[in-house]
Amino acid sequence: MDIYQFAIRPLFFNLVKADPEWLHQQTIRSLNWLSQTGTYPPGSWVNHRLEKSLCLYDSRLEQNLFGLKFPNPVGLAAGFDKDGVAAKIWPSLGFGFAELGTVTFHPQPGNPRPRLFRLPLDKAALNRMGFNNSGAAAMAARLSLEKQELRLIPIGINLGKSKITPLEAAAQDYLDSFRLLKDLGDYFVVNVSSPNTPGLRSLQDAAMLGAILELLQTENTSQKPIFVKIAPDLEWEAIADIIILAKTYQLAGIIATNTTISRDKLKTQVIEQTGKSPQSEAGGISGEPLRDRSTEVIRFIWQQTQGEIPIIGVGGIFSPEDAWEKIIAGASLIQVYTGWIYEGPLMVSRILKGLLSHLEQSGLNSISEAVGLEAKSKA
C-alpha cells in the first residue's frame, strides 16, 4: 500500500489544509538534514531505507547523453530544490538526475505570499514564486563543499535573470551566475520562460536569447552542456527560431516546457486561499493541464530536428503512460515536479517499472531506442 497516497497526502491536502509553500519548506528542511547526515546514523539508516524502497536499477534504463551518464531517464525538475540544499539526497529518492534552481545572480525574496496554490480538481498547481532564492554565490559556496564527493547522478543548474536587472543587461546577469557555478554543475539551463519575472519571456526572442547564449558559450571553455528552457505558450514559428539558435550556439538541447499561462479547460472555479478564480490570479500552471501541450512541443522539436537535438520533456507527468508518451514523442529524458507532489515518492519507481514494461511490449532493448519511436514508426 502507498501510505503517501492513502494517508499523508489526504491529511495535508484535505484535513490540515496546510499551506503548500510551508509544506514544501518542511520537506526541503528534512531532505537537507538527510543530505547532511546521510553518512552517519540515523541519517545513514534512513538513506538506506529510502534507496531500498524507492530506487530501481536496470541497465535498459541507462543512457549516455552529452557526455553524462544517466542511470535512468526520470529527473527532478527545477523549482523544488532552488538553493541546492538537498543535492546529495536525490539519488536516494530514485531520480536519474536532478536540476537545482532556478538560481539568480542576486539573492531575491520572490513575489509576495501567498504565491503557491494547489488545484486538486485539475491535478495541477499555480505558482508565482518569482525565483525566490539565496543567489548564485550562496549556491556556489554550498556545492563547493560537496564537489569532492562522487556524484551518483548528473546535477543540473537552472539559471534565471535577477528581477532587479534590466532586460537589456540580462545577458551579463546570466553570465555572472554561470561564472560562479560553471565548475559545479554537470549541465546548465537558461531559463527565459518563467511567467513570474516581469518581461522574462521576451528573452525568448531570437535576438535577445542569441545575445545570452553567445556570452555563455564564450565563457564555457570546459564545454559544459547548456540547455534552453522554453514556454509551452510559444507559437510554432518562435519555437522554430529557438531550434535554429540551439544549432547555431551548439546547445546540448532544449527543455520543453515551463509552466503555462493558459487557463483553458480548468475545472477549478475558485482558489480557496484567495477566493478568486484561477483566471484572475497571476502565475504559471503546472501539472496535468500542461501535459498534452508540452508533448506537442516535444513532438514538434523532434520532427523539426529529426532527433538531432536532445529534448528534456517536462509537464504533466504522473504515470508510466505519461512518461512513455513524452519519450516516444522525442524526449530523451523527462522531469517531474507537480506529479511527484500529488503521487508521492513511490511515483519514480512506478514510472521506471512501467517504462520497462513498455520496452518489453515494444520489443526494445533500451530506453534510448524508444526516443522518438512515434515519428520513426510513421516514417
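Which backbone nitrogen does the side chain of Gln204 reach? In this predicted model, the Gln204 side chain comes to 2.9 Å from the backbone nitrogen of Ala231.

**Gln204**
- Gln204 lies in the loop that links β8 (187–191) and α6 (206–219).
- Its relative accessibility is 6%, so Gln204 counts as buried.
- Beyond the residues up to four places away in sequence, Gln204 touches Val192, Ser193, Leu209, Lys229, Ile230, Ala231, Leu234 and Ile242.
- Two of these partners return below in the α6–α7 contact: Leu209 in α6 and Ile242 in α7.

**Thr102**
- Thr102 sits in strand β4.
- With a relative accessible area of 5%, Thr102 is buried.
- Its side chain makes a polar contact of 2.7 Å with the side chain of Asn158.
- A polar contact of 3.2 Å links the side chains of Thr102 and Asn191.
- Neighbours within four places in sequence aside, Thr102 is in contact with Ala78, Gly79, Lys82, Phe131, Asn133, Asn158, Leu159, Gly160 and Asn191.

**Helix α5**
- α5 (residues 170–181) has 12 residues and reaches 17 Å from its first C-alpha to its last.
- That span is close to the 16 Å expected at 1.5 Å a residue.
- Buried in α5 are Ala170, Ala171, Asp173, Tyr174, Leu175, Ser177, Phe178 and Leu181.
- The cover over these buried residues includes β4 (97–103), α4 (136–146), β7 (155–159), β8, α6 and β9.

**Packing of α5 and α6**
- The axes of α5 and α6 come within 9 Å and cross at roughly 25°.
- An angle under 35 degrees counts as roughly parallel, so α5 is roughly parallel to α6.
- The crossing of the two helices is right-handed.
- On the α5 side, the contact is made by Ala171, Gln172, Tyr174, Leu175, Phe178 and Arg179.
- On the α6 side, Ala211, Ile212, Leu215, Leu216 and Glu219 make the contact.

**Packing of α6 and α7**
- Here the axes come within 10 Å, again crossing at roughly 25°.
- α6 is therefore roughly parallel to α7.
- The α6–α7 crossing is right-handed.
- Ala206, Leu209, Gly210 and Leu213 of α6 meet Asp241, Ile242 and Leu245 of α7.

**Helix α8 and what follows**
- α8 (residues 291–305) has 15 residues, which should span 21 Å at 1.5 Å a residue.
- The end C-alpha atoms of α8 are 22 Å apart, in agreement with that figure.
- Ser294, Thr295, Val297, Ile298, Phe300, Ile301, Trp302 and Thr305 of α8 are buried.
- Elements covering the buried residues of α8 include β9 (226–230), α7 (236–248), β10 (253–256), β12 (311–314), α9 (320–329) and α13 (373–378).
- Just after α8, Gln306 takes a positive phi of about 55°.
- Glu308 is placed in the loop between α8 and β12.
- Glu308 counts as exposed, because its relative accessibility is 61%.

Technical notes
Residues are numbered from 1 along each chain as its sequence is written. This is a predicted model: local features need pLDDT of at least 70, side-chain atom pairs count only at pLDDT 80 or more; totals for chains, interfaces and linings use all residues. Side-chain values use heavy atoms; hydrogens and water are left out. Helices (H or I, at least four residues) and strands (E, at least two) are DSSP runs, numbered from the N terminus. The expected span of a helix is 1.5 Å times one less than its number of residues. Buried means under 20% relative accessible area, exposed over 50%, partly exposed in between (1.4 Å probe, protein chains only). Contact means heavy atoms within 4.5 Å. A polar contact is a pair of N or O atoms within 3.5 Å; within protein, one must be able to donate a hydrogen and the other to accept it, and residues adjacent in sequence count only if both atoms are side-chain atoms. Axes are lines fitted to C-alpha atoms, for helices over the stretch in contact, and angles run from 0 to 180 degrees between N-to-C directions. Angles under 35 degrees count as roughly parallel, over 145 as roughly antiparallel, 65 to 115 as roughly perpendicular and the rest as oblique. A crossing is left-handed if the near helix is turned anticlockwise from the far one by less than a right angle, and right-handed if clockwise.
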